[in-house]
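Subject: Structure for your review

Dear colleague,

Please find below the structure I promised to hand over, followed by a summary of what was found in it. I should be grateful if you would read the notes with the structure open beside them.

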Amino acid sequence: MSAERSLWRRFIAFLQSFGPRASKELVGNLVAHLGADADGVALVLEMLQGRIDYQTAVVSMSGIEHRGDQLRTELVTTLARTLVTPLDREDIYRFSRSIDDLLDELRDFVREWDLLQGVDPEPLVHVVTALGAAIADAKVVVNTIGEPTGTESSQLRQALRSANQVRRIHEDEITALFAGDGEVSMELLRERELLHRLDAVGLHLVQGLNTIADSFVKRGE
């Protein structure tokens with residue numbers, strides 16, 4: 001009896017691997033991972049604005065990063081047992097890796113903020129705020145993967161514009177940094193390093209969104 005029940009359960013799992021439930025699970029995982037990214041960005045913003053201290057930021061970021069790692073492990077497991085995926089299997093994996101790398105860069109930024117002390121936070125706040133908006137737009141795109149609405153392409157273009165805006169703001173802040181005729185100070189160099197780190201965060205998001213764009217092309221959109 002137990003053997004029959006086990007066989008039946010495996011048969012049900014096999015059928016579910018084709019259906020919308022598997023797609024919903026994969027999309028839900030990616031949205032949750034982007035949610036962890038958004039939490040990381042919000043945490044960095046709080047730290048830069050002096051609303052939390054460095055030690056609190058480190059502990060909280062560690063928890064967020066752990067959540068991201070768990071989500072990635074779950075995604076790989078779900079991909080392995082799913083026969084029909086809403087996008088190309090490899091593209092889903094690559095997108096997940098990009099948004100996980102994004103979180104790793106945020107962790108490194110928190111550490112470097114403490115190492116490179118004495119930097120004006122205002123230019124960094126501008127970049128981090130743009131990052132938050134770009135991740136919110138990316139979540140809108142990912143939410144449509146499982147249930148296409150016909151607006152995916154326009155939403156993807158908007159998300160890419162937002163993600164590229166992070167780089168433009170980074171470039172503007174770098175230009176402003178070196179605009180004066182004064183000597184290049186250590187404070188200026190420290191600020192440049194932190195701006196570059198935030199630029200790397202935005203590039204991971206651009207890379208991930210370009211992966212989704214490739215997958216949409218394969219899907220004929």
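Helix α6 has 26 residues, which at 1.5 Å a residue should span 38 Å; its end C-alpha atoms are 38 Å apart, so the two values agree. Please bear in mind that this, like everything below, comes from a predicted model. The buried residues of α6 are Glu 152, Leu 156, Ala 159, Leu 160, Ser 162, Ala 163, Val 166, Ile 169, His 170, Glu 173, Ile 174 and Leu 177. These buried residues pack against α5 and α7.

The overall arrangement

The protein chain has 7 helices and 0 strands, and along the sequence the pattern reads α-α-α-α-α-α-α. Along its principal axes, the C-alpha trace spans about 80 × 40 × 25 Å. Of the 221 residues in the chain, 44% are buried. Among contacts with a separation of 6 or more, 82% are between residues 24 or more positions apart.

In soluble globular proteins, nonpolar side chains tend to be buried together. Here the largest nonpolar core holds 60 residues, and Leu 124 and Val 142 touch the most other members. Two or more residues of this core come from each of α2 (20-48), α3 (54-81), α4 (89-115), α5 (122-143), α6 (152-177) and α7 (186-218). The element that gives the most is α2, with 12 residues.

Leaving out residues up to four places away in sequence, Leu 124 touches Leu 48, Phe 109, Trp 113, Val 119, Glu 191, Leu 194, Leu 195 and Leu 198.

Helix α4 and its partners

Two packed helices are described by the angle between their axes and the distance between the axes. For α4 and α7, the angle is about 170° and the axes are 9 Å apart. Angles over 145 degrees count as roughly antiparallel, and α4 is therefore roughly antiparallel to α7. The contact of α4 with α7 is made up of 12 nonpolar, 6 polar and 9 charged residues.

Helix α4 also packs with α3, again at an angle of about 170°, with the axes 10 Å apart. These two helices are therefore roughly antiparallel to each other as well. In the contact of α3 with α4, the classes are 13 nonpolar, 2 polar and 10 charged residues.

Two residues of α4 may be of interest when you inspect the model. Ser 98 lies in helix α4 and counts as buried because its relative accessibility is 4%, under the 20% cut-off. Apart from residues up to four places away in sequence, Ser 98 touches His 204, Gln 207 and Gly 208. Glu 112 is also placed in helix α4. At 15% relative accessibility, this charged residue likewise counts as buried. Beyond residues up to four places away in sequence, Glu 112 touches Leu 194 and Arg 197.

Gly 202 is found in helix α7 and is buried, with a relative accessible area of 4%. The C-alpha atom of Gly 202 is 10.0 Å from that of Gly 132, although the two are 70 residues apart along the chain. With neighbours within four places in sequence left aside, Gly 202 is in contact with Leu 131 and Val 166. Val 166 is also one of the buried residues of α6 listed above.

Gly 118, by contrast, sits in the loop between α4 and α5. Its relative accessibility is 55%, so Gly 118 counts as exposed, the cut-off being over 50%. Gly 118 and Glu 191 are 73 residues apart along the chain, and their C-alpha atoms are separated by 8.9 Å. Neighbours within four places in sequence aside, Gly 118 is in contact with Glu 187 and Arg 190.

With kind regards

Notes. Residues numbered from 1 in each chain as written. Heavy atoms only, no water. Core = buried A, V, L, I, M, F, W, Y, C linked by side-chain atoms within 4.5 Å. Buried < 20%, exposed > 50% of the residue type's maximum accessible area, 1.4 Å probe, protein only. Helix = DSSP H or I, 4+ residues; strand = E, 2+ residues; numbered from the N terminus. Contact = heavy atoms within 4.5 Å. Axes fitted to C-alpha atoms, helices over the stretch in contact; angles between N-to-C directions. Parallel < 35°, antiparallel > 145°, perpendicular 65-115°, else oblique. Expected span 1.5 Å × (residues − 1).
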